[in-house]
Amino acid sequence: MVIHIFIILLLSLGALADQDPFIGVNIGTALSDMPNPTQTAVLLKSQNIRHVRLYDADQAMLMALADSGIQVTVTVPNQQLLAIAQSNTTASNWVSRNILPHISTTNITAISVGNEVLTTTPNAATVLVTALKYIHFALVSAGLDSQIKVSTTHSSNIVLDAFPPSQAFFNKTWDPVMIPLLEFLQTTGSYLMINVYPYYDYKQANGAIPLDYALFRPLPEDKEAVDLNTLLHYTNVFDAVVDAAYFAMKYLNYTNIPIVVTESGWPSKGDSSEPDATLDNANTYNSNLIKHVLNNTGTPKHPGVGISTYIYELYNEDLRPGSVSERNWGLFDANGRPIYTLNLMDSGSVLANDTTGQTYCVVKKDADKKMVQAALDWACGPGKVNCSMMLQGGPCYQPDTVVAHATYAFDTYYQQMNKAEGTCDFNGVASITTTDPSKSPIAPYAKPYLCLIDNRVPNINTCIND
């Protein structure tokens with residue numbers, strides 16, 4: 001029996017090691033000027049983001065992600081758990097309404113039934129596992145259970161005595177929930193979703209945790225944290241928290257359930273009580289986190305078993321209540337401009353496309369329209385710009401203005417020529433700008449430029465229509 005269990009454990013961890021870990025991004029919507037779903041989809045594609053997590057199952061967002069290949073985790077909001085847990089029928093209706101209309105075109109791969117329920121909505125805790133089972137049963141009935149995993153996200157606060165990791169255990173108050181939950185995850189081949197925030201661990205430690213240890217910065221060996229029970233060395237908080245969750249599952253005799261980190265990040269701005277919420281620290285943490293995940297480092301307990309992680313979050317959310325830091329976790333502002341430039345050399349292409357300092361070629365304000373038209377004719381002729389998208393009936397025909405069409409053509413030529421000197425002049429009617437034309441307050445620029453992005457980025461096949 002011992003040998004049999006050991007073989008199962010090796011096979012399970014071996015399967016995990018064979019899966020390439022990924023970096024995803026959470027998409028919150030508490031913005032006063034929330035970009036529309038198509039704009040968000042364009043941003044995701046321009047940054048090569050292939051995994052996203054939604055805090056609901058927004059129909060417009062799921063439609064915008066159609067045919068993109070982006071893998072999507074959707075969420076059953078906490079306030080819907082009590083209703084879903086009442087019957088298979090209610091859960092089936094939720095799946096029919098939110099999943100089935102999109103599954104043929106949008107790559108939905110997971111459903112999180114609730115978000116941090118145990119710590120934020122404890123009155124729903126007793127029905128949490130029932131809700132998961134009913135949602136899973138609805139997927140089985142629809143033949144989607146092998147395609148879509150079902151789990152629920154947890155705050156890392158449910159793990160107590162987290163260091164040394166080998167001594168960690170789940171808050172025993174939640175044993176009546178965690179034991180059947182882990183049994184469900186193991187039976188269905190799903191994974192434990194957990195939110196990991198070294199920023200809060202560092203802040204709450206009052207100096208006991210070095211900042212470098214929280215930020216993945218290199219530490220001298222004598223400064224590494226050592227679990228004296230296992231003699232494992234920990235060089236960062238993230239790995240220690242993840243391993244604490246592994247050991248907490250082991251404490252309950254579950255050793256083959258993988259972990260996905262559904263939220264992790266660092267705020268770029270804080271108030272006077274948050275001096276370490278800075279642009280530099282946010283850049284350092286997220287850059288190092290991405291490298292750590294994509295390098296398939298794993299953790300000291302499971303080296304080489306990558307921990308797929310979703311960064312919190314895509315946008316700064318200016319409507320979130322609380323301290324200044326609560327509104328400053330985003331990688332981008334509402335206009336799609338980076339909050340800071342990630343340092344991702346040699347770490348793959350995800351989020352590596354720096355849009356800071358990007359230059360564009362646009363029609364000069366008040367340029368002579370006849371000269372603009374002549375330059376447009378040249379760009380679409382001898383300049384060899386593909387202007388077919390702007391023909392009548394084409395996706396970029398509207399707005400049918402010479403300025404809008406010329407901006408499309410001029411910038412296409414400028415980019416194709418690798419922004420060489422003199423390629424954005426067009427007899428004096430064009431100029432270089434650092435303002436993204438798709439975000440320009442001058443409306444005629446917006447749609448053609450987004451259609452231009454459609455031509456550059458694979459799998460984008462729709463343009464802004466509003």
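Does Asn253 count as buried or exposed, and at what relative accessibility? Asn253 counts as exposed, at 68% relative accessibility. Buried means under 20% relative accessible area, exposed over 50%, and partly exposed in between (1.4 Å probe, protein chains only). The model is predicted: local features need pLDDT of at least 70, side-chain atom pairs count only at pLDDT 80 or more, and totals for chains, interfaces and linings use all residues. Residues are numbered from 1 along each chain as its sequence is written, and side-chain values use heavy atoms, with hydrogens and water left out.

**View 1. The whole protein has 15 helices and 14 strands.** Helices (H or I, at least four residues) and strands (E, at least two) are DSSP runs, numbered from the N terminus. Of the 466 residues, 53% are buried. Among contacts with a separation of 6 or more, 70% link residues 24 or more positions apart. Contact means heavy atoms within 4.5 Å.

**View 2. Helix α7 (residues 128–141) packs with helix α8 (residues 175–188).** Their axes lie 9 Å apart, at an angle of about 20 degrees. Axes are lines fitted to C-alpha atoms, for helices over the stretch in contact, and angles run from 0 to 180 degrees between N-to-C directions. The two helices are therefore roughly parallel. Angles under 35 degrees count as roughly parallel, over 145 as roughly antiparallel, 65 to 115 as roughly perpendicular and the rest as oblique. The crossing is left-handed. That term applies if the near helix is turned anticlockwise from the far one by less than a right angle; clockwise is right-handed. From α7 come Leu128, Val129, Leu132, Lys133 and His136; from α8 come Val177, Pro180, Leu181, Phe184 and Thr188. Seven of these contact residues are nonpolar, two polar and one charged. Ala, Val, Leu, Ile, Met, Phe, Trp, Tyr, Cys and Pro count as nonpolar, Asp, Glu, Lys and Arg as charged, and the others, Gly among them, as polar.

**View 3. Helix α5 (residues 88–98) also crosses α7.** The axes come within 8 Å and cross at roughly 60 degrees. That makes α5 oblique to α7. This crossing is right-handed. Asn88, Ala91, Ser92, Trp94 and Val95 of α5 meet Tyr134, Ile135, Phe137, Ala138 and Leu139 of α7. The contact has eight nonpolar, two polar and no charged residues.

**View 4. Ile194 sits in strand β8 (residues 192–195).** Ile194 counts as buried, at 1% relative accessibility. Not counting residues up to four places away in sequence, Ile194 touches a set including His154, Val159, Ala245, Ile259 and Glu263.

**View 5. Ser268 lies in the loop between β11 (259–264) and α12 (279–294).** Ser268 counts as buried, at 7% relative accessibility. Beyond four places in sequence, its contacts include Leu279, Asn328 and Tyr340.

View 6. Leu231 is exposed, with a relative accessible area of 60%.

**View 7. The Phe163 to Pro164 peptide bond is cis.** Its omega is near 0 degrees. Pro164 is in the loop between β6 (159–160) and β7 (169–170).
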